[in-house]
Amino acid sequence: MITGNAMVLLVTDCNPQSALFMDYIRQQLECQVASASPDEDYTPGQADRTIVLLDTDHVDETTMQRWDADASQDASAELAAINISDEEEAASLLVSTHLQGVFYRQDSLSLISKGIAKLLEGDMWMSRPLMTRLLDFYRRQQLNAYRPVCGLTQREVEIIGLLGTGASNTEIADQLFVSEHTVKSHLYNIFRKIKVHNRIQAMNWARQNLAMPVSRTPRIARRAQMS
């Protein structure tokens, strides 16, 4: 049982299966449980602590990043993802989204309930191997911040950094006070230098190789739980 004013917000397409899941969590943890459509915007509630549980079967990565950005404005909210296929998918999501908890498709309801309880208590919930990968990623980011990057100019680094946040060409142009044509020219040169062929590949490269701006600092120091 969770004491205090706690909320679990399940972001998914509502169906009988998700309703049964919500009822189970509500009974096990005796806390508020609500649902939201992936297309909705996050609205802070009155709970002292909210776990936003993103269902990866119904929430794509772009939508997940939007929910992450919105929830980051609420100090009481933390993100977790459910129905992740494997550790590789989890590691990829952790690069672009500030997840505090990871639940796999094969996890039992009792294990998920235990993990959510730990998240509501302020702990993280992910396996030690996954935590190690996350720590290694942030160490590489810190090292790469002080290294030359594939011959990119400072302006190109700025542009690919903005690209890595999901910004469009128009948004990049507006932020840097240049034309969209200039942005496209820079992107052509960037793709050639880092040997990628499209924006998705460039975004993945940026997240792996640049110290990308983040909306909030990951709470690595928390105790990780074995799943």
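1. In which strand is Asn 83 found? Asn 83 is found in strand 4, strands being DSSP runs of E of at least two residues and helices runs of H or I of at least four, both numbered from the N terminus. Phi of Asn 83 is near 65°, a positive value in a residue other than glycine. Most residues other than glycine have a negative phi.

2. The basis of this note is as follows. The model is predicted, so local features need pLDDT of at least 70 and side-chain atom pairs count only at pLDDT 80 or more, while totals for chains, interfaces and linings use all residues. Residues are numbered from 1 along each chain as its sequence is written, and side-chain values use heavy atoms, with hydrogens and water left out.

3. The overall arrangement comes next. The protein chain holds 9 helices and 5 strands, in the sequence order β-α-β-β-α-β-α-β-α-α-α-α-α-α. Of its 227 residues, 49% are buried; buried means under 20% relative accessible area, exposed over 50%, and partly exposed in between, with a 1.4 Å probe and protein chains only. Among contacts (heavy atoms within 4.5 Å) between residues at least 6 apart in sequence, 73% join residues at least 24 apart.

4. Helix 2 spans residues 61-71, and its buried residues are Thr 63, Met 64, Gln 65, Trp 67, Asp 68 and Ala 71. The elements that cover these buried residues include strand 1 (6-11), strand 2 (32-36), strand 3 (49-55) and strand 4 (77-84), together with helix 3 (87-96) and helix 9 (199-209). The N-terminal end of helix 2 is capped by Asp 60, a side-chain oxygen of which lies 3.3 Å from the backbone nitrogen of Thr 62. The cut-off for a polar contact is a pair of N or O atoms within 3.5 Å; within protein, one must be able to donate a hydrogen and the other to accept it, and residues adjacent in sequence count only if both atoms are side-chain atoms.

5. Helix 4 (residues 109-120) has 12 residues and reaches 16 Å from its first C-alpha to its last, close to the 16 Å expected at 1.5 Å a residue; the expected span is 1.5 Å times one less than the number of residues. Buried in helix 4 are Ile 112, Ser 113, Gly 115, Ile 116, Ala 117, Leu 119 and Leu 120. An α-helix has 3.6 residues a turn, so residues three or four places apart point the same way. The buried residues of helix 4 pack against strand 1, helix 1 (16-29), strand 3, strand 4 and strand 5 (99-104). Gly 122, with a positive phi near 100°, follows helix 4.

6. Ala 117 counts as buried because its relative accessibility is 14%. Ala 117 and Cys 31 are 86 residues apart in sequence, and their C-alpha atoms are 9.9 Å apart in space.

7. Val 102 is found in strand 5 and is buried, with a relative accessible area of 1%. Not counting residues up to four places away in sequence, Val 102 touches Ala 81, Ile 84, Ala 90, Trp 125, Met 126 and Leu 130.

8. Helix 6 (residues 154-164) and helix 8 (residues 180-194) pack at an angle of about 90°, with their axes 10 Å apart; axes are lines fitted to C-alpha atoms, for helices over the stretch in contact, and angles run from 0 to 180 degrees between N-to-C directions. Helix 6 is therefore roughly perpendicular to helix 8, where 65 to 115 degrees counts as roughly perpendicular, under 35 as roughly parallel, over 145 as roughly antiparallel and the rest as oblique. Residues making the contact include Ile 159 and Ile 160 of helix 6 and Leu 187 and Phe 191 of helix 8.

9. Helix 6 and helix 9 pack at an angle of about 100°, with their axes 8 Å apart, which means that helix 6 is roughly perpendicular to helix 9. The contact involves Ile 160, Leu 163 and Gly 164 of helix 6, and, among them in helix 9, Ala 202 and Trp 205.

10. Two loop residues complete the note. Lys 195 lies in the loop between helix 8 and helix 9, and at 71% relative accessibility Lys 195 counts as exposed. Val 178, in the loop between helix 7 (169-176) and helix 8, counts as partly exposed at 26%.
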